[in-house]
Structures are given as C-alpha cells and as structure tokens.
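Trainee: I would like to go through some of the terms used for this structure. Please tell me what each one rests on.

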Amino acid sequence: LSEFLVRACAPYRDERFTTALEMRLALEAIDTLLEPEPAVAPNDLSPALRDLLANAPPNVNPIVHRFLALSSQARRTNRGTRGIDDLTEATYVETRLDSELHRSVLDGRHRLVIVTGNAGDGKTAFIQQVEHSARRNNARVVAETPNGMHLHYLGREIRTLYDGSQDEDDRTSDEVLREFLGPFAKGAGPDGSIRLAAINEGRLRDFLLTHRDSFKYLVEGVIGTLDDPASHYFDNDVVVVNLNARSVTAGGANSIFSQQLQKIVSGPFWSPCQSCDHRTRCPIKHNVDTFRDPTSGPAATERLRTLVDLIRLRRRRHLTMRDVRSLISHLLFRDRSCEEVSELLADESPLAIVDLAYFQAVGGIGVPAGSILERGAALLAEVDLALVANPDDDRAIARGSGPRVMAFPERSAAGFM
C-alpha cells in the first residue's frame with residue numbers, strides 16, 4: 001500500500017501511473033486495505049447467545065435482532081430496554097458503582113444503600129450485578145420475588161428492592177417501602193441486614209416527606225444529600241447515590257457512552273458477518289467495523305461522543321443508560337434487520353444504503369417506513385447548523401464578500417511537471 005501511495009503522489013510524471021487503468025490494476029493487486037479483524041472468543045457469552053451465533057442462517061446475524069430491541073422506538077419490540085438479560089450482561093459497562101460501591105456492599109460496610117435517579121439510569125442493573133456476584137460466591141437465596149431478593153451471604157443477610165415505585169401483589173408501593181425501610185423507622189433498631197434499594201428520585205422524595213414523622217433519621221439525610229451531593233449527613237451505614245448527577249457522555253474515551261459503544265462493536269457478536277455474501281457492502285458491518293477499527297475507531301467514537309454530549313450541554317435531556325443503548329442501536333442498525341438490508345442491497349439503490357451509514361443517523365436520515373425516529377437521534381438532528389438562519393453570513397456567502405475561511409495556494413501551469 002505504501003508503494004502504491006508513493007507512486008500515486010510522485011512529483012515527476014514519469015514516476016506516476018500513466019493511465020487510470022494502470023492505477024486501478026495496481027490498487028486491486030494489493031492484498032488487503034484493512035487490518036484483519038481480531039478473533040474474539042465468545043466464552044463470556046451465555047449458552048443461549050453462543051448457540052444463536054453458532055446456528056446463524058446464511059447471510060444473517062441473529063444477534064442483530066437482539067440489538068434492535070435496545071431501541072426505545074423499535075418497530076418490532078423494545079423489550080431490550082428493560083430489565084437485565086444475557087445480552088445486557090454481555091454488554092454491561094462497569095462504572096464507579098461497580099468498582100467502588102459493589103465491593104463495599106458485599107463486605108458489609110453499609111446498612112442501607114439507596115440508588116436513585118430516573119428510569120433507565122441503571123439502578124436495578126447495578127443491584128442485580130451485586131446479587132449475581134454474591135451468588136457466584138455461594139450466597140444462598142432465602143426468598144425471591146419479581147421485585148427483589150433475600151440472600152444469605154457469608155453470615156450476612158442481603159435484601160434488595162428493584163423498584164421502590166412498584167406495588168407488590170395486594171400491597172401498595174408505600175407499604176412495600178415502609179416494610180423495607182423498617183429498621184430505620186422511629187423506634188426501630190438495626191436488624192443486621194444489608195439493604196439495597198432502587199427508587200426514582202421523585203418517588204423517594206415523595207415517600208420520605210409523606211412519612212417524615214416515621215423516618216426522621218432518613219428524611220434530613222437523604223433529602224439533604226439529594227439537594228447537596230457534597231454534604232455528609234451519614235456515616236458509612238447509609239449511602240445515597242443520585243444518578244441524576246451523573247453524565248454518561250463526559251470523560252472522553254473513558255465516558256460511559258464511549259465504553260458502551262466499544263463494548264457492543266468489539267464484542268464477540270460479529271462472527272456470522274465474516275462469511276456473509278454482503279459483507280463488503282453491508283452498511284451495518286461498515287458501521288460496526290468503523291467503530292471497532294483500531295485506527296479509525298477511537299477518533300470516530302470521540303467525534304460521536306462530542307455530538308451526543310451536546311444533548312447534555314444544551315440541557316435538552318438527561319441521558320440515561322437506557323437512552324445510550326437505544327441511541328447506539330439506532331446509530332448502528334437504524335431499526336433494520338439483516339433481511340431488510342439484503343433487500344436494500346438487491347434494489348441497487350445507492351442512496352438508500354448510504355443513508356444507513358452511522359453519520360447519517362445524526363441528521364435523522366435512514367429511518368424505515370413505519371418506524372419513529374429515536375428520541376436521542378431527534379435531539380441530535382436539532383444541532384444541524386443549516387436549520388438556523390443567519391442573514392449576515394448567508395448574504396456574505398451569496399455575494400462572496402465575507403472573510404475567506406478556506407483557501408488554496410496559487411499554482412501556475414509551470415508548476416506541474
């Protein structure tokens with residue numbers, strides 16, 4: 001490749017290619033222009049996902065259907081936006097909750113951990129990761145409900161609550177919270193257990209203010225911490241984490257957004273694509289390969305992260321983990337299955353294929369009929385500079401009277417050899 005580029009850019013005519021055909025033949029003779037994709041072992045995948053990939057039909061990557069379900073506006077199903085399943089575990093991004101709080105919970109340093117924020121912030125996913133870690137270390141399940149678990153772990157009792165806003169059977173959410181927070185009520189004492197609860201911030205405030213007389217110990221500290229995260233109302237026995245204060249797009253390459261994107265494109269999900277007949281033209285494969293490429297991937301990821309960060313900077317929406325996964329699904333796949341991409345390629349419509357490239361998603365382009373533009377992508381489309389009129393600049397461009405923002409060096413005919 002380097003020899004080809006040197007000859008193509010040679011300063012003397014007799015050193016360059018003499019015809020376009022000669023140049024094309026030389027380019028085609030190069031073995032490969034892309035670095036071979038690293039083999040990623042699917043050992044970390046669940047047996048169900050491994051079987052799904054191993055039994056993929058020709059020209060279809062069945063995992064794409066699973067990734068499509070991550071989009072909140074998907075046509076078929078958006079079941080991947082809620083709860084934790086084998087794909088969620090395979091693409092889970094560890095945050096400071098996992099690196100710092102996870103271990104201290106299992107070590108028994110806290111009596112109560114409240115993780116609050118908006119729906120989709122990853123509250124329940126974190127609690128379930130703690131449960132899975134305990135169970136992998138021989139914790140015994142004492143009781144289990146759709147809304148939580150009771151574990152016996154290393155001589156300690158761990159009780160979890162996935163959603164403090166949810167009713168359970170014939171009990172209201174208020175009754176559920178009153179029982180769960182019972183050891184912290186007026187006149188109660190420690191019961192020796194560790195409690196982890198996920199509660200949306202608004203619901204948490206409402207409950208504590210409604211029952212302020214019963215939970216005076218928690219009211220001042222929890223609400224005070226929510227209002228001023230830098231304050232210290234509790235010792236280690238109570239920890240309050242407000243994920244509303246977390247930015248998933250800040251931090252450059254270490255941002256949660258960038259890590260989540262790389263977790264998806266660099267994971268062991270793309271082996272069926274290597275033998276697909278459409279692999280050289282497939283826009284989905286192009287999008288995945290662009291972000292996983294060791295050279296272009298980091299730069300493309302950072303540019304995309306910067307664009308998505310504008311949603312936060314403009315204060316248009318608090319992006320949650322659910323929002324991030326939904327937007328990434330839209331950017332990579334545009335709510336299209338492998339079968340639909342095959343049909344587009346057969347139609348020989350170049351623009352329809354180009355519209356599925358990841359960079360077109362930022363403008364809200366390439367959405368199939370019957371699908372609604374993903375909410376995050378709709379906010380990105382608002383950033384299009386061409387949507388905002390600027391009469392002074394428009395007039396200067398039309399008349400050619402504005403400052404020169406791009407210029408090329410003057411070259412005379414004699415300068416070419």
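Trainee: Why is Asn-242 called buried?

Mentor: The model is a predicted one, and in it the relative accessibility of Asn-242 is 19%. Buried means under 20%, so Asn-242 counts as buried.

Trainee: Which residues is Asn-242 in contact with, leaving aside its neighbours within four places in sequence?

Mentor: They are Thr-116, Gly-117, Glu-201 and Leu-226. Contact here requires heavy atoms within 4.5 Å.

Trainee: What lies 3.0 Å from a polar atom of the side chain of Asn-242?

Mentor: That is the backbone nitrogen of Asn-244. The cut-off for a polar contact is 3.5 Å, and the distance here is 3.0 Å.

Trainee: Where in the fold is Asn-242 placed?

Mentor: Asn-242 belongs to strand β6, which covers residues 238-242.

Trainee: What makes β6 an edge strand?

Mentor: β6 pairs on one side only, and β2 (140-145) does likewise. The order of the six strands in this open sheet is β2-β3-β4-β5-β1-β6, and the pairing is mixed. From one strand to the next, the twist averages 10°.

Trainee: How do you know that β1 and β6 pair?

Mentor: Two strands pair if there are at least two bridges between them. Five bridges join β1, residues 112-117, to β6, and these strands run parallel. Leu-112 stands opposite Val-238 of β6.

Trainee: Which helices lie across the strands?

Mentor: Among them is α6 (residues 96-106), which lies across β1, β3, β4, β5 and β6 and runs at about 155° to β6. Another is α7 (residues 123-136), which lies across β1, β2, β3, β4 and β5, at about 155° to β5.

Trainee: Which elements give two or more residues to the lining of the largest pocket?

Mentor: The largest pocket has 31 lining residues, and those nearest its centre are Arg-96, Leu-97, Val-239, Val-240 and Val-241. The elements giving two or more residues to this lining are α6, β6 and α11 (256-265). The volume of the pocket is about 910 Å³.

Trainee: Why is α11 called largely enclosed by the rest of the structure?

Mentor: Of the 10 residues of α11, seven are buried, so the helix is largely enclosed. Phe-257, Leu-261 and Ile-264 are among the buried ones.

Trainee: What covers the buried residues of α11?

Mentor: The cover includes α4 (63-68), α12 (283-292), α13 (296-313) and α14 (321-333).

Methods: Residues are numbered from 1 along each chain as its sequence is written. This is a predicted model: local features need pLDDT of at least 70, side-chain atom pairs count only at pLDDT 80 or more; totals for chains, interfaces and linings use all residues. Side-chain values use heavy atoms; hydrogens and water are left out. Helices (H or I, at least four residues) and strands (E, at least two) are DSSP runs, numbered from the N terminus. Axes are lines fitted to C-alpha atoms, for helices over the stretch in contact, and angles run from 0 to 180 degrees between N-to-C directions. Buried means under 20% relative accessible area, exposed over 50%, partly exposed in between (1.4 Å probe, protein chains only). A polar contact is a pair of N or O atoms within 3.5 Å; within protein, one must be able to donate a hydrogen and the other to accept it, and residues adjacent in sequence count only if both atoms are side-chain atoms. On a 1 Å grid over the protein atoms alone, a cavity is a set of points where a 1.4 Å probe fits but cannot get out, and a pocket is an open set with protein on both sides within 12 Å along at least five of seven lines; lining residues have an atom within 4 Å of a point. Grid points are joined across faces, edges and corners, and a volume is the space filled by probe spheres set on the points.
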